[in-house]
Amino acid sequence: MAGEVLDVVAEDIVRPENLVYRRPSALLDVDMHYCPGCGHSTVHKIFMEVVEEMGIQHDIIGVAPVGCSVFAYNYMDIDMQQAAHGRACAVATGIKRMLPDKFVFTYQGDGDLAAIGGNETLHAANRGENFLVIFINNAIYGMTSGQMAPTTIDGMVTTTSPYGRDPKTMGYPLKFGDLIAPLPGVAYVTRQAVNTVQNVRRAKKALQRALEYQKQGLGFCLVEIVSNCPSNWKMTPVESNKYVQNVLIPFYPLGDIKVPEVKK
Amino acid sequence: MTHEAIFSGFGGQGVLTMGMILGYAAIFEGKEVTWMPSYGPEMRGGTANCITIVSDEMISSPIISKFDTVVALNQPSIDKFEPAVKPGGNLLYDTSTTLKPPTRSDINIYSLPAGEIAVELKNTKVLNMIMLGAFLKITNVVSIDSIWKGLASVLPERYHKLIPLNQEAFMRGYNAITLKELVKV
Amino acid sequence: MGEVKLMKGNEALAEAAIRAGVDAYFGYPITPQSEVIEYLSREATKRTGMLVLQAESEVAAINMIYGAAGCGKKAMTTSSSPGISLMQEGLSYIASAELPCLLANINRGGPGLGTIQPAQGDYFQTTKGGGHGDYHLLVLAPYNVQEMADFVKLGFDLAFKYRNPVMILADGALGQMMEKVELPPQLPRENKEYPWATTGKPKNGERRIITSLHIQPEKMEEINLRLQRKYKQMEAEEVRYQTKNLEDAEYVFTAFGLVSRIALKAMDIGRQKGYKIGWIRPITLYPFPKKIYAEIAPKVKGILDIEMNAGQMVEDVMLSVQGKTRVEFYGRMGGVVPTPDEILENFEKMFIKGE
């Protein structure tokens with residue numbers, strides 16, 4: 001094939017009317033530090049698409065956690081605060097209470113949200129704090145390179161459960177969404193994934209719904225996203241997405257756990 | 001002039017209020033005052049006391065261990081604070097609840113049946129005002145007028161209808177004390 | 001003259017917070033300072049719309065402050081020693097992210113759960129950083145109820161001037177005792193915009209990021225150097241102290257907070273006995289008033305430092321005098337308050353009888 005033929009074809013195709021995929025304007029045009037195939041980049045992108053579509057880029061404040069997504073503020077083109085490990089929901093409480101008319105969200109991993117930050121998350125939920133928590137559950141500590149998380153499933157091998165998680169001595173995997181769903185302050189709890197195109201679309205819809213609920217002042221919303229960690233699971237991206245589908249999702253089934261009651 | 005006093009009794013007897021009324025009265029006279037409560041895990045029924053210092057000058061330490069006047073509303077307070085009266089100082093106590101009276105001879109000891117007076121007034125809650133009246137007769141640190149102002153400041157508005165009763169109780173205590181020749185030290 | 005009231009130190013501080021136009025208080029109850037959150041819960045919101053939120057822990061409270069301060073709001077908390085320990089993580093982040101806020105530690109006896117009685121054992125923690133990393137709080141030490149009130153506005157002014165957390169270091173007695181206090185005037189809540197505050201990305205400007213994470217060592221060193229320059233500026237501009245009788249002094253009593261008043265009485269008794277004693281009270285514990293000690297040191301026979309701890313500020317006094325005079329220490333611990341008589345007695349033992 002000759003190069004000049006391809007060029008002609010490219011020029012013919014790259015036209016606004018043919019646009020099917022682009023970077024959302026609220027996502028910065030920089031290289032991400034996430035590993036190839038990691039779900040974080042997908043979630044960043046779809047969430048920034050929602051921000052763009054809702055026209056709220058100048059009216060939203062995010063809270064980054066400690067964990068792989070600590071640098072979320074390097075990619076999202078919005079005002080952000082970086083919180084101490086586990087304290088994102090407390091920081092978000094401070095922000096939302098001061099700026100009740102702005103959208104506020106936290107973006108947290110399983111260790112940050114459910115282990116060290118369990119208390120802050122639980123009490124923010126119980127107070128019905130009117131913000132969104134995006135909870136990335138990949139069942140492992142990514143940033144510190146593969147230790148057991150509160151969401152690590154039974155038998156799963158990590159660097160601190162090298163013979164597989166044994167719930168008898170290491171505790172059971174924690175379903176944080178199910179734990180807080182019964183609280184009256186909690187408006188919306190849903191579990192999504194980004195391992196397939198269909199799941200990505202559903203996850204985006206869930207994030208959008210959560211922000212709509214926040215706008216209506218309905219209370220605490222948690223969007224859990226069952227995600228992957230190819231590097232620490234020691235898998236290829238494709239294998240890791242299959243592991244999400246075949247192993248994690250059966251234990252963490254997708255779908256809404258709690259939705260707001262429709263007012264009549 | 002500086003007067004260092006402690007009011008002591010059971011929690012619920014109103015000893016902290018005695019100090020507060022005196023404190024406010026002192027402020028109305030332009031004096032300096034510190035009021036330092038004992039604070040601890042006890043609420044009802046435990047021991048409570050407050051150190052109240054009234055002075056014409058800046059008050060240094062709010063926490064002191066020797067007092068010009070000890071006002072004891074129960075036996076444990078007499079037992080605890082009798083040794084803490086400065087020589088030549090005053091110890092005032094209520095005879096109604098005392099089995100073991102104080103014995104020191106280098107201090108001025110005053111007493112009155114405050115509990116019985118309170119019963120006569122048909123309100124045991126004014127025991128503290130009876131004792132405060134007696135305290136003022138002995139120490140004369142502020143004027144009675146200032147005490148009335150202090151009482152109005154400390155008592156919440158909704159209880160102001162009780163001011164006359166409190167004033168009566170105060171005066172009963174005030175008049176129950178006959179000043180004696182002071183102990184020489 | 002403003003409104004004069006008889007108030008507890010804790011209540012005066014709370015009332016002053018309302019009057020200073022504070023936007024938010026986040027706290028958790030702990031003796032001997034729970035009156036602050038109780039008073040604010042009763043009074044604040046209805047008067048100024050100030051937010052008063054009882055957090056689930058001190059850990060949460062300090063991080064709520066991080067969030068609120070990051071929005072450019074006046075946010076504060078109060079606690080006592082064990083609770084302040086729990087806040088150290090958050091304070092380190094706040095100092096590093098350069099957020100303004102006000103705290104008060106109504107110091108109780110420790111270590112551990114300790115006692116609820118007054119103590120000064122948190123001096124090191126308060127003045128040397130407290131959490132991890134190289135940072136300082138700006139520390140104010142009130143010695144009466146009036147200053148418990150006055151230091152609220154001053155504290156916020158300094159916090160915003162330097163974008164640095166300010167700590168009022170008091171003790172259980174100052175919190176619990178009542179004194180005459182002249183209340184400051186009611187100021188409005190400001191609603192000011194700050195270029196660094198995260199209130200939503202400006203339409204025509206850069207997004208704001210509040211963070212203490214700088215992975216590149218060179219960048220992190222740069223942040224540290226900036227903090228150190230700020231602390232130098234505080235040392236140049238914010239040192240506050242009070243002295244008495246230094247003109248003819250042969251000895252100096254020095255102490256901070258409540259104890260400085262007891263030392264003042266000990267000085268008076270000592271002067272009556274013929275000892276020429278002077279008095280220094282640091283008001284800012286950080287920055288520490290080094291200069292006044294350095295100046296007086298060559299002129300006196302000795303300095304007696306008195307504290308309700310095992311000897312903490314005395315190290316700063318020694319560093320300040322650089323060996324130019326003798327420095328001795330007398331302290332009580334665990335919630336025991338020294339009396340003027342015992343201070344003087346120990347002074348005589350150390351400086352007079354030994355001579």
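Select chain C and colour it by domain: the assignment gives domain 1 (4-201 + 224-237) and domain 2 (243-352). These bounds come from an automatic or database domain assignment. The C-alpha centres of domain 1 of chain C and domain 2 of chain C lie 27 Å apart. Now show the contact between them: 27 residues come from domain 1 of chain C and 22 residues from domain 2 of chain C. Two residues are in contact here if their C-beta atoms, placed from the backbone, lie within 7 Å.

Stay on the domain 1 side of chain C. The elements giving two or more residues to the face that touches domain 2 of chain C are α6 (123-127), β6 (138-140), β7 (165-171), α8 (172-176) and α9 (217-237) of chain C. Helices (H or I, at least four residues) and strands (E, at least two) are DSSP runs, numbered from the N terminus. α6(C) gives the most to this side, with four residues. By type, this side of domain 1 of chain C divides into 16 nonpolar, eight polar and three charged residues. Ala, Val, Leu, Ile, Met, Phe, Trp, Tyr, Cys and Pro count as nonpolar, Asp, Glu, Lys and Arg as charged, and the others, Gly among them, as polar.

A note on numbering and confidence: residues are numbered from 1 along each chain as its sequence is written, while chains are lettered from A and ligands numbered from 1 in the order in which they are written. This is a predicted model, where local features need pLDDT of at least 70, side-chain atom pairs count only at pLDDT 80 or more, and totals for chains, interfaces and linings use all residues.

Next, show chains A and C together. Of the two pairs of chains in contact, chains A and C share the most contacts. Their contact takes 29 residues from chain A and 33 residues from chain C. On the chain A side, β1 (60-64), β2 (79-82), α3 (88-98) and α5 (118-126) of chain A give two or more residues each. α3(A) gives the most, with eight residues. Then zoom in on β2(A): this strand and β9 (residues 209-210) of chain C pair in the parallel sense over two bridges. Strands pair if DSSP finds at least two bridges between them. Click A:Met80, which stands opposite C:Ile209 in β9(C).

Chain A and chain B are another matter: no contact joins them, and their closest C-alpha atoms lie 27 Å apart.

Which residues touch the most other members of the largest nonpolar core? Select A:Ile134, B:Met131, C:Ala17 and C:Ala263, out of 249 residues in that core. Such a core is a set of buried Ala, Val, Leu, Ile, Met, Phe, Trp, Tyr and Cys residues joined through C-beta atoms within 7 Å. Helix α1 (residues 15-28) of chain B supplies the largest share, ten residues. Centre on B:Met131: among its contacts are B:Met18, B:Val71 and B:Leu73.

Finish with the backbone. The peptide bond from C:Thr31 to C:Pro32 is cis, and C:Pro32 lies in the loop between β2 (24-27) and α2 (34-48) of chain C. Another cis bond joins C:Tyr286 and C:Pro287. Last, select B:Lys122: this residue has a positive phi of about 60 degrees although it is not a glycine. B:Lys122 counts as exposed because it has 8 C-beta neighbours inside 10 Å. A residue is buried if 20 or more other C-beta atoms, placed from the backbone, lie within 10 Å of its own, exposed if 12 or fewer, and partly exposed in between.

Technical notes
Lists of a residue's contacts leave out its neighbours within four places in sequence.
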